[in-house]
Amino acid sequence: MCYELHYQGFRGVDDAWEWDPDLLRLRQALERHFLDALRSDATTHDGPDAAVAELLVEPADGTGVSHFLRDEGELWQMREYIAHRSLYQLKEADPHAWVLPRLRGQAKAAMAAVEYDEFGAGHGDRVHAELFADLMADLGLDPAYNHYLDATSARMLAVVNMMSLLGLHRALRGALVGHFATVEITSSPASDRLVQALRRLGAGEAAVFFYTEHVEADAVHEQVVRHGVIDDLLKREPGLAADVAFGVDATVFLEDRFADEVLDTWRKGRSSLRVPP
């Protein structure tokens, strides 16, 4: 709720709350606990090379959510997954825009190029958040911003909160870049599996198009982020190497926790949402 004040806010809530000193002190205390826990539980790699290298290897026997949905998922499970993801996808790339003022040179240019694509390359109807809203409508879900906030998993909220945490703090710019690289590297193969799942389930073209777009776009973005953003950032600020690795590790850690929870409930025949979509 504290972070949302920096995005679209809440109806009936005064915009002045965004910079209320007492609220910021509360947020700082919450952030300290969250960040300390992430550094303790998620840190696996000392440097970004090994962390990124692991992301580039697709396991032949993958068992994640996109694998499940492709191979055996039902429509109700796909709809639940989309409802969970809507907390981020309806503001896709917004948390990452905070890092642009903190970068210089090629890193800034490369990051801006990727963000430009995420925001529709000058075309409002191609903004990825709008395409996701179209996907939701195609699947009979409510595409209103944050509509499923009360229904989704706390573990999904942790994923979204991490993006805002890393984006809003200049000191965490290296971790934000590591997080963004993880998203772009893992997106293309996962999107391809979701395209197959949606087609198998008989979804409409609007639903399929969102992930088809990401199969192509994120394959390019992955290269741009790795070589244009990370390499140039660490050339200028080598001291951020551990932070970049932390951004990768924290993203993988939280995404894996979310996936484990969702798959566990589905395999027990239960809904992964607190409230049915």
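A: Isoleucine 82 touches Phe132, Leu135, Met136, Leu139, Leu141 and Tyr211, when residues up to four places away in sequence are not counted, and a contact here means heavy atoms within 4.5 Å. This is a predicted model, in which local features need pLDDT of at least 70 and side-chain atom pairs count only at pLDDT 80 or more, while totals for chains, interfaces and linings use all residues. Residues are numbered from 1 along each chain as its sequence is written, and side-chain values use heavy atoms, with hydrogens and water left out.

Ile82 is among the residues with the most contacts inside the largest nonpolar core, which has 75 residues, and Leu69, Tyr81, Leu135, Leu139 and Tyr211 are listed with Ile82. Such a core is a set of buried Ala, Val, Leu, Ile, Met, Phe, Trp, Tyr and Cys residues joined through side-chain atoms within 4.5 Å; buried means under 20% relative accessible area, exposed over 50%, and partly exposed in between, with a 1.4 Å probe and protein chains only. The most is given to this core by helix α11 (residues 241-267), with eleven residues; helices (H or I, at least four residues) and strands (E, at least two) are DSSP runs, numbered from the N terminus.

Leucine 233, which lies in helix α10, counts as buried because its relative accessibility is 2%. Leaving out residues up to four places away in sequence, Leu233 touches Leu103, Ala107, Gly174, Val177, Leu240 and Val244. The C-alpha atoms of Leu233 and Gly174 are separated by 8.1 Å, although these residues are 59 apart along the chain.

As a general rule, an α-helix has 3.6 residues a turn, so residues three or four places apart point the same way. Just after α6, glycine 120 takes a positive phi of about 90 degrees.

Stepping back to the whole protein, there are eleven helices and zero strands, and 49% of the 277 residues count as buried. Among contacts between residues at least 6 apart in sequence, 80% join residues at least 24 apart.
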